[in-house]
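Me: I am new to this structure and would like to learn how to read it. Please take me through it one feature at a time.

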Amino acid sequence: MSASTQNDTTSMATETSIEEESSSLLSTLLEACKSGDINKVRQILIDDEKPSSSLSSPSNDNRINNFSIATQQEESTGISPLMAASQSGNAELCQLLIDYGAPWNAIDRHGKCAGNYAVDAQKWEIVNLLVEVGTRAELILGATIRAQMKLQGGAADDDDHEDTSTTKTYKKAKMTTTKPSEATSSSVPAEQEPCTKPDYLTRNVRFNEEGTALLDDDDDAVMMEWERPIMDAHASILLPSNDNQDTQEQQQLRRVLNIGFGMGIIDTALQERNPTKHVIIEAHPQVYAKMLSDKWNEQPNVEIFFGKWQTEVPKLISRGYKFDGIFYDTYGEHFTDLEDFHELAVKDLLDQPNGIYSFFNGLAPDNLFFHGVACQCVKLQLAKLGLDTEFAQCQIQQINEQDWKDVRRKYWYNREIYYLPIATWNKEFLVSSASSS
């Protein structure tokens with residue numbers, strides 16, 4: 001046997017030994033986390049940082065790929081130490097694992113994260129802790145990506161960032177969850193795939209045979225008919241029904257802006273509420289052509305701007321447009337686009353003091369804990385602009401399985417509640433702004 005062959009064999013045996021030792025250590029750690037034994041967990045984590053004396057590997061380290069044992073997941077189930085600790089209800093133990101690098105957003109084989117484990121076990125102190133940790137991590141990540149974008153002088157590289165955040169834009173601002181780590185799964189369901197599509201505007205779109213879904217060329221839904229009750233609810237918030245107690249001025253102020261026409265569901269609902277001005281921005285050429293063929297451009301109170309909102313919104317601002325209701329429902333954009341829209345459009349176009357802003361809430365729809373974290377992130381971002389945000393609970397009507405025919409991936413599937421965002425100007429912010437101007 002040659003020296004190189006001997007070295008290769010020795011190296012392979014060493015790697016196998018490292019993996020076996022790490023697996024055994026992980027099993028011990030998981031049991032300690034499940035029982036809430038913080039002292040044992042702390043000792044395991046401390047020992048894990050020490051070089052291994054039992055193995056003669058070049059790195060002399062018992063970690064896999066030099067990652068802390070706190071970051072590992074059990075192979076068959078995908079359960080992590082933080083998931084086990086979250087179920088046990090020991091907040092101090094969970095914080096310890098987080099301090100050692102345990103990812104708050106790792107998911108197991110069933111798509112559940114540590115927050116889901118805590119919710120299922122009704123460990124609300126843990127839930128609050130993980131929401132706080134997740135929100136802070138997402139905001140820091142967003143700031144990091146923005147800094148990189150600024151340095152690169154362009155848009156975020158989706159390939160670099162798509163798998164790191166739970167607040168990715170997943171269809172129509174429907175933001176997807178983190179992929180499982182390689183230790184958990186080598187492939188993921190379509191519903192968990194990132195869906196940012198920078199080239200969407202160059203792709204073909206089509207209606208399905210029943211006319212109940214607008215699909216892109218991946219057979220992902222741009223919009224579906226089952227969303228109509230939700231869109232009606234949005235419209236009723238943006239343009240409340242007039243009553244006899246409204247002043248003449250209030251009745252006249254019914255100016256609304258919608259970003260993203262799609263199937264025209266929200267715009268139809270808005271038209272039924274008699275807006276005085278109804279501005280629509282649509283960027284996809286085929287959708288825009290359908291709007292013209294349906295004569296939306298001939299509606300007396302409708303004004304259509306064809307193009308990306310990033311180029312059309314500045315035109316509205318320069319012309320002095322103001323709106324009493326603004327709705328955002330784009331497709332395939334990066335999560336930073338939603339933030340940019342808030343910074344640009346909402347801040348400068350939403351009328352004060354009574355303007356109302358809302359958006360289609362598809363933030364991580366496939367995992368309710370991630371959804372809650374993403375909503376909290378948006379709430380904090382809008383608060384910086386002077387807006388208070390609440391999320392009204394709306395019942396989702398039962399969706400027939402037939403409705404998903406020809407649709408590659410489902411969203412808000414088997415969910416009963418939709419959380420409708422309602423953002424309004426904070427009164428203290430308005431007073432402060434007025435006094436400083």
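Me: How many residues are in the largest nonpolar core, and which have the most contacts inside it?

Reply: Keep in mind that this is a predicted model. To read a core, look for its members and then for the elements that supply them. The largest nonpolar core here has 42 residues, and M224, W226 and Y418 have the most contacts inside it. At least two residues of this core come from each of β3 (213-216), β4 (221-224), α8 (228-238), α10 (265-271), α11 (285-293) and β12 (417-425). Of these, α8 gives the most, with 5 residues. Another core, of 40 residues, lies apart from it and includes A85, L130, A364 and F369.

Me: Which residues is M224 in contact with, leaving aside its neighbours within four places in sequence?

Reply: The contacts of M224 are with T212, A213, M263, I265, D403, W404, V407 and Y411.

Me: How do I check the span of a helix, say the 29 residues of α6?

Reply: Compare the expected span with the distance between the end C-alpha atoms. Helix α6 covers residues 124-152, and at 1.5 Å a residue it should span 42 Å. The end C-alpha atoms of α6 are 41 Å apart, which agrees.

Me: Which residues of α6 are buried?

Reply: They are I126, V127, L129, L130, V133, G134, T135, E138, L141, G142, I145 and M149. L130 was also named above as part of the core of 40 residues.

Me: What caps the N-terminal end of α4?

Reply: In α4 the cap is N90, which has a side-chain oxygen 3.1 Å from the backbone nitrogen of E92. Within this helix (residues 91-99), the residues A91, L93, C94, L96, L97 and I98 are buried. Just after α4 comes G101, with a positive phi of about 95 degrees.

Me: How many salt bridges does the count come to?

Reply: The count comes to 23 salt bridges. For each pair, ask where the partners sit along the chain. E132 and R136 form one, with their closest N and O atoms 3.5 Å apart. Both residues belong to helix α6 and are 4 residues apart, about one turn of the helix. E132 has a relative accessible area of 49% and is partly exposed. R136, at 41%, is partly exposed as well.

Me: Where in the chain do R408 and D220 lie?

Reply: Their side chains meet in a salt bridge at 3.2 Å, N to O. This pair links distant parts of the chain, 188 residues apart: R408 is in the loop between β11 (387-395) and β12, and D220 is in the loop between β3 and β4. R408 counts as partly exposed at 34% relative accessibility, whereas D220 counts as buried at 0%. Salt bridges that share partners join K197, D199, R203, D216, D217, D218, D220, R408 and R409 into one network.

Me: Which way do the residues of strand β8 point?

Reply: Follow the side chains along a strand and note the direction of each. In β8 (residues 325-328), G325 and F327 point one way, I326 and Y328 point the other way, and all are buried.

Me: In which sense do β5 and β8 pair, and over how many bridges?

Reply: β5 and β8 pair in the parallel sense over 4 bridges, and I259 stands opposite Y328 in β8. β8 also runs parallel to β9, joined to β9 by 4 bridges. There, I326 stands opposite Y357 in β9.

Technical notes. Residues are numbered from 1 along each chain as its sequence is written. This is a predicted model: local features need pLDDT of at least 70, side-chain atom pairs count only at pLDDT 80 or more; totals for chains, interfaces and linings use all residues. Side-chain values use heavy atoms; hydrogens and water are left out. A nonpolar core is a set of buried Ala, Val, Leu, Ile, Met, Phe, Trp, Tyr and Cys residues joined through side-chain atoms within 4.5 Å. Buried means under 20% relative accessible area, exposed over 50%, partly exposed in between (1.4 Å probe, protein chains only). Contact means heavy atoms within 4.5 Å. The expected span of a helix is 1.5 Å times one less than its number of residues. A polar contact is a pair of N or O atoms within 3.5 Å; within protein, one must be able to donate a hydrogen and the other to accept it, and residues adjacent in sequence count only if both atoms are side-chain atoms. A salt bridge is a side-chain nitrogen of Lys or Arg within 4 Å of a carboxyl oxygen of Asp or Glu. Two strands pair if DSSP finds at least two bridges between them.
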